[in-house]
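I opened this model to look up a few points and kept short notes. The entries follow in the order in which I checked things.

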Amino acid sequence: MSETVTAPTAPLRARAEIDLAALRANVRTLRALAPGAALMAVVKSDAYGHGAVRCARAAVAAGANWLGTATPEEALALRADPGLPADVRIMCWLWTPGGPWREAVEAGLDVSVSGMWALREAVEAARAAGRPALVQLKADTGLGRNGCQPEDWPELVAEALRAQTAGLVRITGLWSHFACADEPGHPSIAAQLTLFRELLAHAEEQGVRPEVRHIANSPATLTLPESHFDLVRTGIALYGISPSPELGTAADFGLRPVMTLAASLALVKHVPGGHGVSYGHHYVTPGRTTLGLVPVGYADGVPRHASGTGPVLIGGKWRTVAGRVAMDQFVVDLGGDEPEVGSEAVLFGPGDRGEPTAEDWAQAAGTIAYEIVTRIGTRVPRVYVNGEANGQEPGDGN
Ligand SMILES: *Cc1c(COP(=O)(O)O)cnc(C)c1O
């Protein structure tokens with residue numbers, strides 16, 4: 001996990017500022033968009049690079065009812081956090097044989113089961129732990145990734161019901177995941193919803209009484225009310241980023257970006273025209289100019305694919321990465337300007353101070369904004385602002 005800093009202190013080489021007030025406001029906005037559903041804050045992969053513990057606390061304080069992670073290790077780490085309510089529901093869905101099933105049962109995690117092997121491991125763990133496993137059966141309604149194939153669903157449901165009758169599992173949820181919810185009108189959306197309803201109906205006819213049925217991720221939460229069921233699982237929208245520019249901007253949905261990535265200029269110097277810049281000399285100064293050294297690179301998550309294209313705000317002007325992004329640093333052509341060494345270079349943020357956004361970097365690097373924020377490296381300290389000084393969040397009961 002990354003180093004964390006609770007308040008801005010000494011100037012740092014680089015920092016990812018995490019605005020917890022923005023995160024809390026995003027939770028409230030999403031709850032209002034799905035008023036009939038519970039909200040799961042998806043905080044996998046260190047909360048998409050924002051810091052799992054602080055973001056989970058803030059999300060729960062603002063009204064998230066559930067936390068979701070990919071791996072059981074991520075979920076167990078949250079369960080061990082004393083700053084979270086001990087009874088907050090935590091679900092994890094990416095299991096492999098031999099995983100920490102018993103620890104998960106003992107920690108009261110909701111575990112996803114996509115097939116018979118996983119159900120068997122959950123049952124074994126429940127026997128060993130002496131308490132039932134909380135199991136959510138996952139159907140593949142068309143994503144073609146994890147989840148039980150429809151033809152295998154009756155067998156999985158029947159076996160889970162047998163284990164429930166034996167007191168070894170509680171079937172707490174039935175769920176699935178969309179393939180193309182970020183492409184409005186894509187025919188797979190309606191097809192997945194239809195199949196999901198059929199698989200729910202089958203399980204319920206057999207006697208399953210799930211606490212939660214869910215399929216909606218961020219794009220579906222924002223645009224498909226008919227997909228909300230009992231629970232929505234929001235990841236990227238919590239962090240104030242639109243799932244895709246085609247759906248609308250973050251501001252269109254009333255969401256505010258949570259992360260600002262900034263660095264302190266490490267050097268400003270004059271160079272003559274014709275000077276090659278960075279590895280491979282893919283940029284050559286067109287005339288006498290000034291160069292600024294920005295001390296972050298691909299080890300910090302600045303994509304090397306944004307060489308020659310990534311934007312950065314320095315002294316009120318957008319500059320572009322000159323030449324290649326290196327492991328620890330990149331260079332910008334300052335066009336003769338002489339900002340002071342140590343002055344701020346903002347790679348991305350909410351955008352309202354004129355800085356680029358994570359979406360701008362995604363476009364520069366040919367990827368999605370999810371990847372930009374999630375890959376910000378552990379060498380970049382997260383600086384939390386607008387949280388509580390002691391790391392607790394208002395309303396968490398401590
Ligand atoms: C990551 C993930 C989500 C959240 O997706 P967003 O598009 O970030 O909202 C929801 N459900 C599952 C199964 C996931 O893996």
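Which residue of E10 does Met40 stand opposite? I looked it up: Met40 faces Arg233 in E10.

Ground rules first. The model is predicted, so I took local features only at pLDDT of at least 70 and side-chain atom pairs only at pLDDT 80 or more, while totals for chains, interfaces and linings use all residues. Residue numbers start from 1 along each chain as its sequence is written.

Entry, strand E3. I took helices (H or I, at least four residues) and strands (E, at least two) as DSSP runs, numbered from the N terminus. Strand E3 covers residues 38–42 and is mostly covered, with five of its five residues buried. I call a residue buried if 20 or more other C-beta atoms lie within 10 Å of its own, exposed if 12 or fewer, and partly exposed in between, with C-beta atoms placed from the backbone. In a regular strand, side chains alternate between the two faces of the sheet. On E3, Ala38, Met40 and Val42 are buried on one side, and Leu39 and Ala41 are buried on the other.

Entry, partners of E3. I count two strands as paired if DSSP finds at least two bridges between them. E3 runs parallel to E10, with four bridges. E3 also runs parallel to strand E4 (residues 66–69), with three bridges. There, Val42 stands opposite Gly68.

Entry, ligand shell. I listed residues with a C-beta atom, placed from the backbone, within 6 Å of the molecule. The list includes Val42, Arg233 and Thr234, and also Lys44, Trp93 and His177. By class the shell holds five nonpolar, five polar and two charged residues. Here Ala, Val, Leu, Ile, Met, Phe, Trp, Tyr, Cys and Pro count as nonpolar, Asp, Glu, Lys and Arg as charged, and the others, Gly among them, as polar.

Entry, nonpolar core. I defined a core as buried Ala, Val, Leu, Ile, Met, Phe, Trp, Tyr and Cys residues joined through C-beta atoms within 7 Å. The largest one has 129 residues, and Met40, Ala41, Ala59, Ala122 and Ala133 touch the most other members. Helix H3 (residues 52–61) gives the most to this core, with seven residues.

Entry, backbone. Most residues other than glycine have a negative phi. Phe229 has a positive phi, near 45 degrees. I found Phe229 in the loop between helix H9 (218–223) and strand E10 (231–234). Phe229 counts as buried because 23 C-beta neighbours lie inside 10 Å.
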